[in-house]
Amino acid sequence: MKTIDEMLHLALLSPDEHRQISHWIARADSPEEILQMPPVLWRAIERASAVMGIDEDLLRPPALDAGSW
């Protein structure tokens, strides 16, 4: 939910998209049910994720010096 809240704050999701996505996630009992979200909402999340660079962050290898402080 934090990520979609940030997407709303950055105006990458409309208030209505945010409401619908939040509602869908809140009522889902499993990750499988979340994956059944309507395609129009998935596209909104995908667009916002692309602008935020989320996919690139997930694909970036971990830093070799992580945790060495």
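**Contacts, helices and pairs**

User: Which residues does Ser-49 touch, not counting residues up to four places away in sequence?

Analyst: This is a predicted model, in which local features need pLDDT of at least 70 and side-chain atom pairs count only at pLDDT 80 or more, while totals for chains, interfaces and linings use all residues. Residues are numbered from 1 along each chain as its sequence is written, and side-chain values use heavy atoms, with hydrogens and water left out. With contact meaning heavy atoms within 4.5 Å, the residues that Ser-49 touches beyond four places in sequence are Met-7, Ile-54 and Asp-55.

User: Does Ser-49 count as buried or exposed?

Analyst: Relative accessible area, found with a 1.4 Å probe on protein chains only, is called buried under 20%, exposed over 50% and partly exposed in between. Because Ser-49 has a relative accessibility of 11%, this residue counts as buried.

User: How many helices are in the chain?

Analyst: Helices (H or I, at least four residues) and strands (E, at least two) are DSSP runs, numbered from the N terminus. The chain follows the pattern α-α-α-α-α along its sequence, and Ser-49 is found in helix α4. Strands number 0, whereas the count of helices is 5.

User: How are α1 and α2 oriented to each other?

Analyst: Helix α1 (residues 2-9) and helix α2 (residues 15-27) pack with their axes 10 Å apart, at an angle of about 175°. Axes are lines fitted to C-alpha atoms, for helices over the stretch in contact, and angles run from 0 to 180 degrees between N-to-C directions. Angles under 35 degrees count as roughly parallel, over 145 as roughly antiparallel, 65 to 115 as roughly perpendicular and the rest as oblique, so the arrangement of α1 and α2 is roughly antiparallel.

User: How many residues of the contact of α1 with α2 are nonpolar?

Analyst: Helix α1 brings Ile-4, Asp-5 and Leu-8 to the contact, and α2 brings Pro-15, His-18, Ile-21, Ser-22 and Ile-25. Ala, Val, Leu, Ile, Met, Phe, Trp, Tyr, Cys and Pro count as nonpolar, Asp, Glu, Lys and Arg as charged, and the others, Gly among them, as polar. Beside 2 polar residues and 1 charged residue, the number of nonpolar ones is 5.

User: How far apart in sequence are the parts tied together by Arg-47 and Glu-17?

Analyst: A salt bridge is a side-chain nitrogen of Lys or Arg within 4 Å of a carboxyl oxygen of Asp or Glu, and a search of the whole structure finds 2 of them. In one, Arg-47 pairs with Glu-17, their closest N and O atoms being 3.5 Å apart. Arg-47 lies in α4 and Glu-17 in α2, so the separation in sequence of the parts they tie together is 30 residues.

User: How close are the closest N and O atoms of Arg-19 and Asp-16?

Analyst: Arg-19 and Asp-16 are 3 residues apart in helix α2, which means that about one helical turn separates them. Asp-16 is partly exposed, at 38% relative accessibility. In the salt bridge between Arg-19 and Asp-16, the closest N and O atoms are separated by 2.4 Å.
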